[in-house]
Amino acid sequence: MTDYCVTCGGDQVHRRLDRKEEDWLKERLGRAGVGEFWLCVNVLDPDTGRQCRNLRTGFNKKPFAAPIKAPVLE
C-alpha cells in the first residue's frame with residue numbers, strides 16, 4: 001500500500017506488520033489487536049538499508065501524538 005508518512009513527509013510504501021511486530025505493538029500499546037496498523041518501509045539510508053518504520057493506520061496518518069517506530073526484530 002502506498003500512503004502518506006508523516007515522518008518521511010510524502011507518499012511511501014507501507015506494509016502490514018509481521019507476527020513479531022504485531023506482538024511487540026500489542027505489548028507496547030496494551031491492546032489485544034493491532035491489525036489496522038501499517039509500517040512505512042521507505043529506505044532512509046541506502047548504504048545501510050535503514051527503513052523509516054513509522055506506524056500508521058489505514059485511515060489515520062498520525063494515530064499517536066509522537067510517532068511510534070517499530071524496532072527491527074530478529
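Q: Why does G58 count as partly exposed?
A: In this predicted model, G58 has a relative accessibility of 31%. Buried would need under 20% and exposed over 50%, so G58 lands in between and is called partly exposed.

Q: Where is G58 found, and what does G58 touch?
A: Look in the segment after β6 (55–57). Leaving out residues up to four places away in sequence, G58 touches D3, E36 and W38. As for C40, G58 is 18 residues from it in sequence and 12 Å from it in space, going C-alpha to C-alpha.

Q: What makes F37 and F64 a stacked pair?
A: Two numbers settle it. The ring centres are 5.6 Å apart, and pairing needs them within 6.5 Å. The planes sit at 5 degrees, and stacked means under 30 degrees, so the pair is stacked. By this rule the count comes to one aromatic pair. The pair links distant parts of the chain, with F37 in strand β3 (residues 37–40) and F64 in the segment after β6, 27 residues apart.

Q: Are F37 and F64 buried or exposed, and how do you know?
A: Check each value against the 20% cut-off. F37 has 2% relative accessibility, so F37 counts as buried. F64 has a relative accessible area of 17%, which is under 20%, so F64 is buried too.

Q: Why do C8 and C52 get their labels for accessibility?
A: C8 has a relative accessible area of 26%, between 20% and 50%, so C8 is partly exposed. C52 is at 3%, under 20%, so C52 counts as buried.

Q: What makes K61 lie over the face of Y4?
A: K61 is 5.0 Å from the ring centre of Y4. The distance limit is 6 Å, and K61 is listed as lying over the face of that ring.

Q: Which residues make up the largest nonpolar core?
A: There are nine: L17, L25, V34, F37, L39, L55, F64, I68 and A70. Setting aside neighbours within four places in sequence, A70 is in contact with W24, L39, R53 and L55.

Key. Residues numbered from 1 in each chain as written. Predicted model: local features only at pLDDT ≥ 70, side-chain atom pairs only at ≥ 80, totals over all residues. Heavy atoms only, no water. Helix = DSSP H or I, 4+ residues; strand = E, 2+ residues; numbered from the N terminus. Buried < 20%, exposed > 50% of the residue type's maximum accessible area, 1.4 Å probe, protein only. Contact = heavy atoms within 4.5 Å. Phe/Tyr/Trp six-rings, centres within 6.5 Å; stacked < 30°, edge-to-face > 60°. Lys NZ or Arg CZ within 6 Å of the ring centre and 35° of its normal. Core = buried A, V, L, I, M, F, W, Y, C linked by side-chain atoms within 4.5 Å.
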